[in-house]
Amino acid sequence: MRDESKKENDLLGKIVSLCKRRGFVFQGSEIYGGFAGTYDWGHLGVALKKNIIDAWTKAMQDHRNMTFLDSSIFTSGKVWEASGHVSGFSDPLIICNICKEKSRADHLLESIGIKADEKLTNLDINKIFDTNRTRIKCPKCGGKDFGQIHASNLLATSNLGMLDGEEEQVYLRGETAQGIYINYKNVLDTGFVSIPFGIAQIGKAFRNEISPRQFLFRKREFEQMEMQYFSHPSEAMGNYELWKKERMEYYKKLGINPRKLRFKPHENLVFYAKAACDIEYKFPFGWSELEGIHYRGDYDLTQHQKFSGVDMRFYDEETKEKYIPHIVETSVGVDRTVLMVLCDAYCEDELGGNKRVVLKLPLKLSPMVCAVSPLLKNKPELVLKAQEVFSILKKEFGRVAWDDNGNIGKRYRRQDEIGTPFCIVVDFDTLGDDTVTVRDRDTGEQERIKVGELIEFIKNKIN
Ligand code: GAP
């Protein structure tokens with residue numbers, strides 16, 4: 001059991017190292033020693049992230065009554081007062097009395113094997129912490145002398161708009177959802193939608209996490225893909241069940257290992273929620289939240305109605321009924337999805353007697369669709385022909401790599417490591433019969449395909 005968990009922890013380390021080595025993800029501000037909780041995306045990371053965003057967008061677009069929004073990152077401070085984030089969006093901070101190290105109390109509990117549900121209140125965590133105080137050690141100095149738990153607010157603040165003596169506190173958004181709630185009336189008033197309908201949005205969110213950790217899992221600056229579905233109160237629970245089913249199917253269709261996905265109902269519902277669950281993935285550090293699906297009732301719109309004075313009710317012309325719609329939310333992080341996809345795809349195996357690392361990414365998500373090489377880089381006729389093939393494929397797919405570095409074996413290893421599904425090699429036969437070798441990433445099998453049929457061949461495989 002212990003061996004198993006060590007192997008799993010090593011896996012995260014290997015993924016972090018591969019991400020840097022091959023240009024998926026770099027530590028933020030690395031040349032200045034790094035800036036905790038931030039990461040920068042390299043060439044392949046940008047491509048992988050875009051493919052994930054495209055897959056989510058396509059799944060949302062498949063709904064007849066889905067609309068899209070791109071709201072501001074800076075918002076009036078009132079938004080966050082109304083939403084409850086100013087008063088209640090916090091983590092349980094605890095400070096070591098000996099070395100002053102700041103930790104999250106729930107993370108310290110985890111270190112002694114007590115998994116504190118993410119949805120527990122700080123008061124609950126306080127009680128559990130107090131009964132276990134004598135067993136808990138500071139991760140930095142090993143001491144056991146802690147202060148009291150404080151609620152540390154997660155909203156990141158800005159001085160924007162606070163110049164010239166303005167008093168209003170400004171926050172960077174802690175979730176994209178609030179931008180949707182405050183625009184719900186605008187979207188409705190366009191006349192293109194009626195209840196039920198959804199608003200989907202992708203964008204950056206910021207949180208003052210006390211201890212960002214587990215690579216892309218918990219960052220301070222991250223991207224969310226959120227959807228809020230507005231329903232008649234009598235239909236909202238049914239829609240919650242439908243969205244649960246749909247979102248789980250989505251991950252399975254995307255090609256994620258179904259044995260590593262599960263639902264986890266929330267044991268402690270926040271007071272306004274009617275139902276809530278997470279889709280969890282079995283990350284190397286254990287089952288953890290990937291996506292939240294929440295039936296939030298009319299809480300958010302009622303709050304914004306109260307604080308803004310704007311009537312948030314929907315008027316149904318047919319039934320003459322006026323009501324505040326109920327909301328079902330689906331919310332997932334792009335960064336967390338990238339980590340999940342990488343963990344699911346990472347594989348060490350043996351091909352033709354050689355050990356290799358391969359990312360068996362779903363073909364649709366691979367940063368590169370294929371790589372093109374001349375068999376020998378010092379034969380101009382091969383290079384010329386390979387460049388011609390490269391141009392044809394690049395024009396069609398965009399995500400095509402040119403790789404003429406090292407021998408063919410090394411090129412295959414390199415492309416396997418970044419998950420490129422097909423390696424295409426131009427050799428001397430190509431010059432005679434206009435066929436190329438196409439090597440399959442997963443099986444290593446090679447077949448000869450006519451240059452004129454390559455696009456069709458690849459399209460059939462990836463669609
Ligand atoms: N609007 C609801 C909401 O924001 P949440 O559970 O706090 O709910 C939703 O976040 C999703 O956003 C999570 O399931 C996760 O995928 C992602 N997420 C949250 N905090 C994150 C962080 N610090 N770093 C990376 N992703 C995060």
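The following exercises, each with a worked solution, concern a predicted model.

**Exercise 1.** Determine how helices α7 and α9 are arranged relative to each other.

Solution. Start with the two segments: α7 covers residues 177-189 and α9 covers residues 299-308. Their axes are 10 Å apart and meet at an angle of about 65 degrees. Angles of 65 to 115 degrees count as roughly perpendicular, so α7 is roughly perpendicular to α9. The crossing of α7 past α9 is right-handed.

**Exercise 2.** Describe the surroundings of the ligand and find polar side-chain atoms that lie close to its atoms.

Solution. First, the ligand is surrounded by 21 residues, of which E175, E226, E289, L290 and E329 are the closest. Next, take the ligand's nitrogen: one such atom is 2.5 Å from an N or O atom in the side chain of E226. Then take oxygen: a polar side-chain atom of E289 lies 2.6 Å from an oxygen atom of the ligand, and for R207 the corresponding distance is 2.8 Å.

**Exercise 3.** Locate a cis peptide bond and a positive phi in the backbone.

Solution. Most peptide bonds are trans, and most residues other than glycine have a negative phi. The bond joining I195 and P196 is cis, with omega about 0 degrees. P196 sits in the loop between α7 and β10 (197-206). S29, a residue other than glycine, has a positive phi near 50 degrees. S29 belongs to the loop between β1 (25-27) and β2 (39-41).

Notes:
Residues are numbered from 1 along each chain as its sequence is written. This is a predicted model: local features need pLDDT of at least 70, side-chain atom pairs count only at pLDDT 80 or more; totals for chains, interfaces and linings use all residues. Side-chain values use heavy atoms; hydrogens and water are left out. Axes are lines fitted to C-alpha atoms, for helices over the stretch in contact, and angles run from 0 to 180 degrees between N-to-C directions. Helices (H or I, at least four residues) and strands (E, at least two) are DSSP runs, numbered from the N terminus. Angles under 35 degrees count as roughly parallel, over 145 as roughly antiparallel, 65 to 115 as roughly perpendicular and the rest as oblique. A crossing is left-handed if the near helix is turned anticlockwise from the far one by less than a right angle, and right-handed if clockwise. A residue is near a molecule or strand if one of its heavy atoms lies within 4 Å of it. A polar contact is a pair of N or O atoms within 3.5 Å; within protein, one must be able to donate a hydrogen and the other to accept it, and residues adjacent in sequence count only if both atoms are side-chain atoms.
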